[in-house]
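Student: Could you walk me through this structure with a few questions and answers?
Tutor: Gladly, let's take a look together.

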Amino acid sequence: MMSSTAIRQAINPQRLLETAQSLVAIPSPTRSAGQVADHLSKILTQDGFTVERPVADWPEAPAVVVRFDSGSPGKTLQFDGHLDTVHLPFIEPRFENGYLYGSGASDMKGGIAAFVEALRAIRQTGALKAGGILLTTHDHHEGPWGDRRQLYALIREGYVGDAVLLPEYLADRLPLAGRGMAIFNVEISRPGDKVHEVLRPPNTPDVLATGANLVNQIHQQHAEIKNTTHPYAGHDSYFIGQFAAGEIFNQSPTHCKIAGTRRWVTPGHTAQAESKFRQLLDNLAQASNTQIQAEFAVQGDAISIPLDDPIVTAFQQAHTTVTGAPLTPGAKPFVDDGNSFSARAGIPALTHGPNATGAHTLNEQVSLDELVRVAQVYALTATHFCNS
Ligand SMILES: [Zn+2]
């Protein structure tokens, strides 16, 4: 078998950096990633790869897909990334003292350049003896501007491997679990107009008291559900961060708005979490004679990957070769596209990328050393996963 040294040496830092810089140089706020997708497609085509451009529900920026096949049957490892960036003022790429700066350097054009370089090294060394690599990149990731429709369409249309690696900026742990999350927005209302306190008709429903009651009931539910735990992900929870009602001290309001989050550790628990929440609201509306409307916007389902999953074994082997030690298993602090792969494609999804900083700010920065490390880990993980 090809030595791991040869694969690592095939990662070309200069070529990787040029790819990363050229991706950062093209602005691609969410829903406007067409131009950078065309550019990535051109790079991969010039590299000699066959590029597919499935529209996948987003004609503005067709996805960029490469299937690299070893020629022998086996497992497929997917590298997936989002080409869109958050809607902040555009920062030009700049390379200084070993660090790349600019829009998307950390989140996640640097990571995409790293897996493109991993793919080049895999082909150049002939290291893949079985299976293949599926490279997918897309738009529509960053919320609230994007709704992830393009990734959902790609999954629906079968652009799915046997496991997937996602180079988000997380390098200090191997996230084997993460909580699912929904944002709820509740609006409690009553019929009629705002009215002076002393002029209220008898039995006017009290939206503010109903809201307070809801806060209490949610806190009570939190005390119960927090007993549902996961060794890495933590526990189920409710949280309320906003409460708004009333205009002045002696006027009876017509609306009360409450917003917060519901998080859960059990994969597949989404529908049950929502129905229990809505049941609580229905009971309260009935008891208080108010109307209660609610949005329960699911951001992602919970994720959990067994410690002995083949992708975990392959990854840890690669990580140990490159850094001298396996990565400590832990929780994923955020919801990312890995949660969608887990819930919608049923495949294990490992988030691992550069130790980069400044995501979602004007100060994104990532070291070239980290991008090289990620490229090496991705290439070696692929050989361990597919060749076994
Ligand atoms: Zn990201």
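Student: In which helix does methionine 108 lie?
Tutor: This is a predicted model, where local features need pLDDT of at least 70, side-chain atom pairs count only at pLDDT 80 or more, and totals for chains, interfaces and linings use all residues. Residues are numbered from 1 along each chain as its sequence is written. Helices (H or I, at least four residues) and strands (E, at least two) are DSSP runs numbered from the N terminus. The run at residues 105-125 holds methionine 108, and this is helix 4.

Student: What is omega for the cis peptide bond between aspartate 107 and methionine 108?
Tutor: Most peptide bonds are trans. Aspartate 107 and methionine 108 are joined by a cis bond, with omega at about -15°.

Student: Is alanine 56 buried or exposed?
Tutor: Alanine 56 sits in the loop between strand 1 (51-52) and strand 2 (64-69), with a positive phi of about 45° although it is not a glycine. A residue is buried with 20 or more other C-beta atoms within 10 Å of its own, exposed with 12 or fewer, and partly exposed in between, with C-beta atoms placed from the backbone. Alanine 56 has 24 such neighbours, so it counts as buried.

Student: And is asparagine 203 buried or exposed?
Tutor: Asparagine 203 also has a positive phi, about 65°, although it is not a glycine. This residue lies in the loop between strand 10 (195-196) and helix 6 (207-225). Because asparagine 203 has 7 C-beta neighbours inside 10 Å, it counts as exposed.
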